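Here is a set of questions and answers for working through a structure step by step. Keep the sequence and the 3D view open while reading.

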Amino acid sequence: MPQNPSVQKWLKQLPRQSLVFLDIDSTLVTTHQRNQAIIKAFCKAMEAKWPEDCQRLSQAHCQLGDYGYYSALDRLKFSSQDPQFLQDLAEFWRKNFFSNHYLDKDEPYAGAVEFVHRLIKDGHQTLYLTGRHKKAMWEGTLETMKKLGFPISEDILILKPQVEQKDEIYKSEAVAKHKQRPASSIWLIDNEPLILHQMMEDHPEVELIFFKSCHSQKKPEPEHLLTIDHF
Ligand SMILES: [Mg+2]
C-alpha cells in the first residue's frame with residue numbers, strides 16, 4: 001500500500017481501467033547512486049593520466065535530489081587545469097549513465113514498488129514510459145526493475161528507440177500512439193517539467209502528476225498539478 005496519503009486518495013478516486021504512464025528515472029527510482037558509481041569508475045580508469053584531478057574528484061558526493069553529477073562537483077568546488085578532463089568526464093558519464101552497467105545502483109523511491117503493484121492489481125493499464133535508450137538499456141531495465149520488485153514485462157515497457165530524439169518529443173509520440181486504447185482516464189507521472197509542459201500542449205486530455213525530485217530546469221515547475229515526492 002502506498003505511504004503517501006495524497007497518492008492513496010488519488011488511487012481511490014482513479015476511474016476504473018485508467019491508463020497510467022510512469023516515468024522511471026528520478027520518478028520511480030533514484031539515480032544519484034548511479035552517478036556516484038560512474039564518477040568512481042571514471043577516477044579509477046583515469047588516475048594514471050590525471051592523478052591529482054582524480055584524487056580530488058574521488059571525494060565528490062552525489063546526493064538525492066542532484067540532477068546529473070554537476071552539483072556534486074559544485075559542492076566540491078572542483079576545477080581542473082585541463083579542460084579535456086571535464087570533457088572526458090562528461091563523455092564517460094553519458095556513455096555509462098545511458099547503459100545497462102550501473103542500473104543496479106538505483107533504488108526505488110519510498111512506496112514506489114507498492115504503488116505500481118497496486119495500479120496493476122486494481123486493473124489499470126500501466127506502462128513504463130522512460131527516456132532510457134532501448135538499444136543500450138533494455139535488458140538492464142528489465143533485470144533491475146524485476147530485482148527491485150517492480151511488476152515488469154516486455155509488453156509494459158517503452159524505451160526510446162532513437163538515441164538522438166528529444167525525450168519530450170519521443171514521449172509525446174508514445175502517448176499519442178498508446179492513448180488510442182480504450183481507457184476511462186489517462187495519466188502521466190514524471191519528474192521533468194519539460195515533459196509535463198509538452199504533454200499539456202500536445203495532449204491536454206492527459207492528466208499529469210509532477211514527481212518533485214530533480215530536473216533539467218529547462219522549463220519551470222508546473223503549478224496546479226498534484227505534486228508528490230514519494231508514493
Ligand atoms: Mg525522469
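Q: Which residue of strand 2 stands opposite Phe21?
A: The model is predicted. Phe21 belongs to strand 1, residues 19-22, and strand 1 is joined to strand 2 by 4 bridges, with the two running parallel. The residue of strand 2 that stands opposite Phe21 is Leu127.

Q: Are the residues of strand 1 buried or exposed?
A: In a regular strand the side chains alternate between the two faces of the sheet. In strand 1, Leu19 and Phe21 point one way, and Val20 and Leu22 point the other way. Whichever way they point, all of them are buried.

Q: What is the bridge partner of Val20 in strand 4?
A: Strand 1 also pairs with strand 4, residues 186-190, in the parallel sense and over 4 bridges. In that pairing, the bridge partner of Val20 is Trp187.

Q: Which residue of strand 3 is the bridge partner of His133?
A: Strand 2 covers residues 125-133 and strand 3 covers residues 157-160. They pair in the parallel sense over 3 bridges. The bridge partner of His133 in strand 3 is Lys160.

Q: What is the handedness of the β-α-β unit made by strand 2, helix 7 and strand 3?
A: The two strands pair in the parallel sense. Helix 7, residues 134-148, is the helix of the unit that they make. This β-α-β unit is right-handed.

Q: How far apart are the C-alpha centres of domain 1 and domain 2?
A: The domain assignment gives domain 1 as 5-30 + 107-228 and domain 2 as 32-103. The C-alpha centres of these two domains lie apart by 28 Å.

Q: Which element supplies the largest share of the side of domain 1 that touches domain 2?
A: In the contact between the domains, 14 residues of domain 1 meet 10 residues of domain 2. Strand 2 and helix 7 each give at least two residues to the side of domain 1 that touches domain 2. The largest share is 6 residues, and it comes from helix 7. By class, that side of domain 1 has 3 nonpolar, 3 charged and 8 polar residues, and the element with the largest share of it is helix 7.

Q: What span should helix 2 have at 1.5 Å a residue?
A: Helix 2 is made of 15 residues, 32-46.

Q: Which helices do the buried residues of helix 2 pack against?
A: An α-helix has 3.6 residues a turn, so residues three or four places apart point the same way. The buried residues of helix 2 are His32, Arg34, Asn35, Ile38, Ile39, Phe42 and Cys43. They pack against helix 3 (51-57) and helix 5.

Q: What is the phi of Lys77, a residue that is not a glycine?
A: Most residues other than glycine have a negative phi, and most peptide bonds are trans. Lys77 is in the loop between helix 4 (70-75) and helix 5 (83-97). With 7 other C-beta atoms within 10 Å, Lys77 is exposed. Its phi is positive, at about 50°.

Q: Where is Gln217 found?
A: Gln217 is not a glycine, yet its phi is positive, near 65°. It is exposed, with 11 other C-beta atoms within 10 Å. Gln217 is found in the loop between strand 5 (207-211) and strand 6 (226-228).

Q: How far apart in space are Glu223 and Phe210, C-alpha to C-alpha?
A: Glu223 lies in the loop between strand 5 and strand 6. It counts as exposed, with 7 C-beta neighbours inside 10 Å. Glu223 and Phe210 are 13 residues apart in sequence, and their C-alpha to C-alpha distance in space is 9.1 Å.

Definitions and conventions
Residues are numbered from 1 along each chain as its sequence is written. This is a predicted model: local features need pLDDT of at least 70, side-chain atom pairs count only at pLDDT 80 or more; totals for chains, interfaces and linings use all residues. Two strands pair if DSSP finds at least two bridges between them. A crossover is right-handed if, with the strands pointing away from the viewer, the path from the first strand over the helix to the second runs clockwise. Domain bounds come from an automatic or database domain assignment. Two residues are in contact if their C-beta atoms, placed from the backbone, lie within 7 Å. Ala, Val, Leu, Ile, Met, Phe, Trp, Tyr, Cys and Pro count as nonpolar, Asp, Glu, Lys and Arg as charged, and the others, Gly among them, as polar. A residue is buried if 20 or more other C-beta atoms lie within 10 Å of its own, exposed if 12 or fewer, and partly exposed in between; C-beta atoms are placed from the backbone. The expected span of a helix is 1.5 Å times one less than its number of residues.
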